[in-house]
Amino acid sequence: MANGVMSIKKEDDNNLPNFKTASTDDDLTNILHTIKSSKFPAVINYGASWCHVCSKILPAFSRLSNDFPKLSFIYADIDECPETTQLIRYTPTFQFFRDGQKVDEMYGAGEERLHDRLWLHS
């Protein structure tokens, strides 16, 4: 934790089997392709390292991945994936996918609100 901000690095993905971090545009493109070609539900958290609200919800997002093992959790920093996230206007933005299609989107944070939305889509 640097400057009170939790950071999840790619190496940490091994500890959370259904949690991935997209650290480049190519990573995110591959993840999006996998989501769109699969039947598995997924949620993408678009955030930024400079976004205080994003930093506060990221640890909860990571923890919630343990509560919803049938969902794939992806974190993408908009500054690390600028090409694939250029349509993201607010951080954090959560996009929910089912059967390869985006079915919902949530702006802002709130652990209880996020939990409820995850429950709805799991």
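This is a predicted model: local features need pLDDT of at least 70, side-chain atom pairs count only at pLDDT 80 or more; totals for chains, interfaces and linings use all residues.
**Entry: the strands around β3**

Strand β2, residues 42-47, pairs with β3 in the parallel sense, over 6 bridges. Next I asked how the chain gets from β2 to β3. It passes through helix α2, residues 52-67, and this β-α-β crossover is right-handed.

β3 has another partner to note. Strand β1, residues 19-22, runs parallel to β3, and 4 bridges join them. Here Phe 19 stands opposite Phe 73 in β3.

How many residues of β3 are buried? I found 5 of the 6 in residues 72-77, so the strand is largely enclosed by the rest of the structure.

**Entry: the whole chain**

I stepped back to see the order of the parts. The protein chain has 3 helices and 5 strands. From the N terminus on, I read them as β-α-β-α-β-β-β-α. The chain has 122 residues, and 45% of them count as buried.

I also checked how far apart in sequence the contacts reach. I took contacts between residues at least 6 apart, and 67% of these join residues at least 24 apart.

**Entry: aromatic rings**

I searched the whole structure for aromatic pairs and got 4. Phe 19 and Phe 61 came up, with ring centres 5.8 Å apart. Is this pair stacked, tilted or edge-to-face? The planes meet at 65°, so I wrote down edge-to-face. The cut-off I needed is that planes over 60 degrees apart count as edge-to-face.

Phe 19 lies in strand β1 and Phe 61 in helix α2. The pair therefore ties together parts that are 42 residues apart in sequence. Both Phe 19 and Phe 61 are buried.

Then I followed Phe 61 to Phe 94. Their ring centres are 5.8 Å apart and their planes are at 45°, so this pair is tilted. Phe 61 is in helix α2, while Phe 94 is in strand β4, residues 93-98. That is why the pair ties together parts 33 residues apart in sequence.

I looked up burial for these rings too. Phe 61 has a relative accessible area of 0%, so I call it buried. Phe 94 is also at 0% relative accessibility and counts as buried.

Which residues do the ring pairs link into a cluster? I listed Phe 19, Phe 61, Phe 73 and Phe 94.

**Entry: cysteines**

I searched the whole structure for disulfides and found 0. Cys 51 is at 7% relative accessibility, so it counts as buried. Cys 54 is at 4%, so it counts as buried too. The limit I used is under 20% relative accessible area.

**Entry: the β4-β5 hairpin**

β4 and β5 pair in the antiparallel sense, over 6 bridges. Within this pairing, Phe 96 stands opposite Asp 104 in β5. How many residues lie between β4 and β5 in the hairpin? There are 2, and Asp 99 in the turn has a positive phi of about 50°.

**Entry: helix α3**

His 121 got its own check. Its relative accessible area is 10%, so it is buried. Beyond its neighbours within four places in sequence, His 121 is in contact with Pro 41, Leu 71, Phe 96, Arg 98, Val 103 and Asp 104.

Last, I looked up Arg 117, which is also placed in helix α3. Leaving aside neighbours within four places in sequence, Arg 117 is in contact with Phe 96, Asp 104, Glu 105 and Met 106. Arg 117 and Glu 105 are 12 residues apart along the chain, and their C-alpha atoms are separated by 9.4 Å.

Methods. Residues are numbered from 1 along each chain as its sequence is written. Side-chain values use heavy atoms; hydrogens and water are left out. A disulfide is a pair of cysteine sulfur atoms within 2.5 Å. Buried means under 20% relative accessible area, exposed over 50%, partly exposed in between (1.4 Å probe, protein chains only). Two strands pair if DSSP finds at least two bridges between them. A crossover is right-handed if, with the strands pointing away from the viewer, the path from the first strand over the helix to the second runs clockwise. Rings of Phe, Tyr and Trp (its six-membered ring) pair if their centres lie within 6.5 Å; planes under 30 degrees apart count as stacked, over 60 as edge-to-face and the rest as tilted. Contact means heavy atoms within 4.5 Å.
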